[in-house]
Amino acid sequence: VDRIALPAHATAQHADELWRHTCFEAFIAAEDEPAYVGCNFSPSTAWATYRFARYRSRMTALVPALVPNEPPRITLEMQPDGLVLEARLRLGEFANHPLRIGLTAVIEDKAGGLSYWALRHPSSKPDFHHRGGFILRLGCTAP
């Protein structure tokens, strides 16, 4: 944990390119739909949310499209053997839909190196947008 580069705490606000440094991400899609939302959460409390029409296509920032005036709430807890980032946000478009979710992280070390973590890497090269990595299922029937 002491080798991880953590950005300084900042005002919770939308910021692009958070994935260039230590960042935790969630990719959320309704079951059997090509569109998905990518959420980036920085330990600094900066955040970004984007809607994609399909795989890496037609990206739109979701700053005002989130529940109005309710940005994500991000907390970071340092522990002796790790850190826990908790992000809470409401994306009303997914209410009452079975979901597929990919949980990922980009970890920057203090030397500037990046490593890419995911519940599943579906190919030899990390690609967090690949639907094969959206393996967490909520409200879905068993495959």
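How many disulfides does a search of the whole structure find? The search finds zero. The model examined here is predicted.

The two cysteines Cys23 and Cys39 illustrate this result. A disulfide requires a pair of cysteine sulfur atoms within 2.5 Å. The cysteine sulfur closest to that of Cys23 belongs to Cys39, but it lies 10 Å away, so the distance is too far for a bond. The search from Cys39 leads back to Cys23, again at 10 Å and too far for a bond. Both residues are shielded. Cys23 has 0% relative accessibility and therefore counts as buried. Cys39 has a relative accessible area of 1% and is buried too.

Cys23 belongs to strand E1, which spans residues 23-30. Eight of the eight residues in E1 are buried, so the strand is largely enclosed by the rest of the structure. In a regular strand, side chains alternate between the two faces of the sheet. In E1, both faces are covered. One side carries Cys23, Glu25, Phe27 and Ala29, and these are buried.

E1 has two strand partners to consider. Strand E7 (residues 99-108) is joined to E1 by eight bridges, and the two run antiparallel. Within this pairing, Ile28 has Ile101 of E7 as its bridge partner. Strand E2 (residues 36-41) is joined to E1 by five bridges, also in an antiparallel arrangement. E1 and E2 form a hairpin with five residues between the strands. In that hairpin, Asp32 takes a positive phi near 65 degrees.

Terms used: Residues are numbered from 1 along each chain as its sequence is written. This is a predicted model: local features need pLDDT of at least 70, side-chain atom pairs count only at pLDDT 80 or more; totals for chains, interfaces and linings use all residues. Side-chain values use heavy atoms; hydrogens and water are left out. Buried means under 20% relative accessible area, exposed over 50%, partly exposed in between (1.4 Å probe, protein chains only). Helices (H or I, at least four residues) and strands (E, at least two) are DSSP runs, numbered from the N terminus. Two strands pair if DSSP finds at least two bridges between them.
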